[in-house]
Amino acid sequence: MRIWVDADACPVVIKEILFKAANRTQIETTLLANHYMSVLKSPYIHFVQVSQGFDEADNEIVERCQSGDLVITSDIPLAADVIAKGGQALSPRGELFTKENIKSLLGMRDFMDTMRSSGEHTGGPAPMNQNDRQQFANQLDKIISRFQRR
């Protein structure tokens with residue numbers, strides 16, 4: 001298993017959790033973004049800067065991701081593509097995207113896009129809190145533990 005991170009919008013606190021997990025478990029973790037960012041120096045942590053442009057990081061993640069890999073993203077279409085390839089997707093808030101829930105999440109996303117394009121103010125997500133960070137860390141630990149038992 002490798003971990004791929006849609007890093008453009010990934011909160012710093014989540015990256016820190018991932019860095020600790022990568023070093024503790026020796027699982028290769030690669031952050032992809034269309035702008036430079038520094039990452040913790042480690043043989044298990046890598047950074048790939050992709051071209052500027054819409055969905056460039058997403059496209060690169062889908063290209064590189066393999067069955068069994070884990071992708072960290074809040075992008076629901078990216079999560080759907082990862083699941084279709086046999087990978088796993090986890091949001092920075094700890095929501096696990098699965099075959100069972102991805103279609104309804106895509107439908108809700110599309111509905112909200114339609115609402116916003118019609119001028120409806122839908123608001124954004126609430127700021128991350130300690131509960132979100134804890135839920136992410138717990139889900140990440142569960143996924144890594146399942147992988148290591150194989």
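Trainee: Why is Leu 106 called partly exposed?

Mentor: Leu 106 has a relative accessible area of 24%. Buried means under 20%, exposed over 50% and partly exposed in between, with a 1.4 Å probe and protein chains only, so 24% puts Leu 106 in the middle class. This is a predicted model, in which local features need pLDDT of at least 70 and side-chain atom pairs count only at pLDDT 80 or more, while totals for chains, interfaces and linings use all residues. Residues are numbered from 1 along each chain as its sequence is written, and side-chain values use heavy atoms, with hydrogens and water left out.

Trainee: Where is Leu 106, and what does Leu 106 touch?

Mentor: Leu 106 sits in helix α4, residues 102-117. Helices (H or I, at least four residues) and strands (E, at least two) are DSSP runs, numbered from the N terminus. Beyond residues up to four places away in sequence, Leu 106 touches Ile 76, Pro 77 and Ala 80, where contact means heavy atoms within 4.5 Å. Leu 106 and Ala 80 are 26 residues apart in sequence and 8.1 Å apart, C-alpha to C-alpha.

Trainee: What makes Gln 139 buried or exposed?

Mentor: The relative accessibility of Gln 139 is 18%, so Gln 139 counts as buried. Gln 139 lies in helix α5 and touches Leu 90, Gly 94 and Leu 96, not counting residues up to four places away.

Trainee: And which class does Ser 67 fall into?

Mentor: With 58% relative accessibility, Ser 67 counts as exposed. Ser 67 belongs to the loop between α2 and β4. Apart from neighbours within four places, Ser 67 is in contact with Lys 85, Gly 86 and Gly 87; the C-alpha atoms of Ser 67 and Lys 85 are separated by 5.8 Å.

Trainee: How do you know which side of α2 the buried residues are on?

Mentor: The buried residues in α2 are Ala 57, Asp 58 and Ile 61. They cover an arc of only 100 degrees around the axis, which puts them on the same side of α2; the arc is that of the directions from the helix axis to the C-beta atoms. The buried residues of α2 pack against β1 (3-6), β2 (29-33), β4 (70-72) and α3 (76-84).

Trainee: What makes a set of residues a nonpolar core?

Mentor: The set holds buried Ala, Val, Leu, Ile, Met, Phe, Trp, Tyr and Cys residues joined through side-chain atoms within 4.5 Å. The largest such core has 22 residues, and Ile 3, Val 5, Leu 18, Leu 70, Ile 72 and Leu 140 have the most contacts inside it. Its largest share, five residues, comes from α1. A second, separate core of 10 residues includes Val 48, Val 50, Val 71 and Val 82. Val 5 touches residues including Leu 18, Ile 61 and Ile 72.

Trainee: What is worth noting about phi of Gln 26?

Mentor: Phi of Gln 26 is near 60 degrees, a positive value in a residue other than glycine. Most residues other than glycine have a negative phi. Gln 26 is in the loop between α1 and β2, and its 53% relative accessibility makes it exposed.
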